[in-house]
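Subject: Structure handover

Hello,

Here is the structure for your files. My notes on it follow below.

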Amino acid sequence: MDGESWTDAVEATSDTAEYVKDRPDAGPRSLPLIYNATLVGSADNSDQQGVVARRGTGLLMANSIVTGFAGGGLSLEGSSLRTLIEGGLLDVRSTDLGGNG
């Protein structure tokens with residue numbers, strides 16, 4: 001992977017939410033599962049973020065480490081976060097997010 005540069009380590013956007021921006025709860029939605037992962041950022045990229053879940057995207061993440069990202073370890077974006085949490089579609093547990101900007 002020498003010479004490669006990524007803006008974000010993991011980025012997910014619900015395709016439906018991209019097209020129906022006024023209805024972020026519309027389905028189907030993306031639901032990445034991240035378990036037992038170690039994501040380490042680069043000091044060379046000040047905008048880099050670890051995990052980004054955009055509009056209407058759920059996220060199930062556990063037993064992971066996300067560190068070294070100057071732009072932040074975890075970014076949850078959108079207006080439907082409460083609905084996702086209450087519906088069990090957004091859950092981050094046993095995950096270390098220390099050492100990020």
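Helices (H or I, at least four residues) and strands (E, at least two) are DSSP runs, numbered from the N terminus. On that scheme, leucine 31 sits in the loop between α1 (15-19) and β2 (33-35).

This is a predicted model, in which local features need pLDDT of at least 70 and side-chain atom pairs count only at pLDDT 80 or more, while totals for chains, interfaces and linings use all residues. Residues are numbered from 1 along each chain as its sequence is written, and side-chain values use heavy atoms, without hydrogens and water.

Burial. Relative accessible area (1.4 Å probe, protein chains only) under 20% is called buried, over 50% exposed, and in between partly exposed. Leucine 31 is partly exposed, at 36%. Serine 75, in strand β6 (residues 74-76), is buried, with a relative accessible area of 15%.

Leaving aside neighbours within four places in sequence, serine 75 is in contact (heavy atoms within 4.5 Å) with Gln49, Val51, Val52 and Ala53. Strand β4 (residues 49-53) has five of its five residues buried, so it is largely enclosed by the rest of the structure. β4 and β6 run parallel and are joined by three bridges; strands pair if DSSP finds at least two bridges between them. In this pairing, valine 51 stands opposite leucine 74 of β6.

Core. A nonpolar core is a set of buried Ala, Val, Leu, Ile, Met, Phe, Trp, Tyr and Cys residues joined through side-chain atoms within 4.5 Å. The largest one has ten residues, among them Val51, Ile34 and Phe69. Its largest share, three residues, comes from strand β5 (residues 59-67).

Regards
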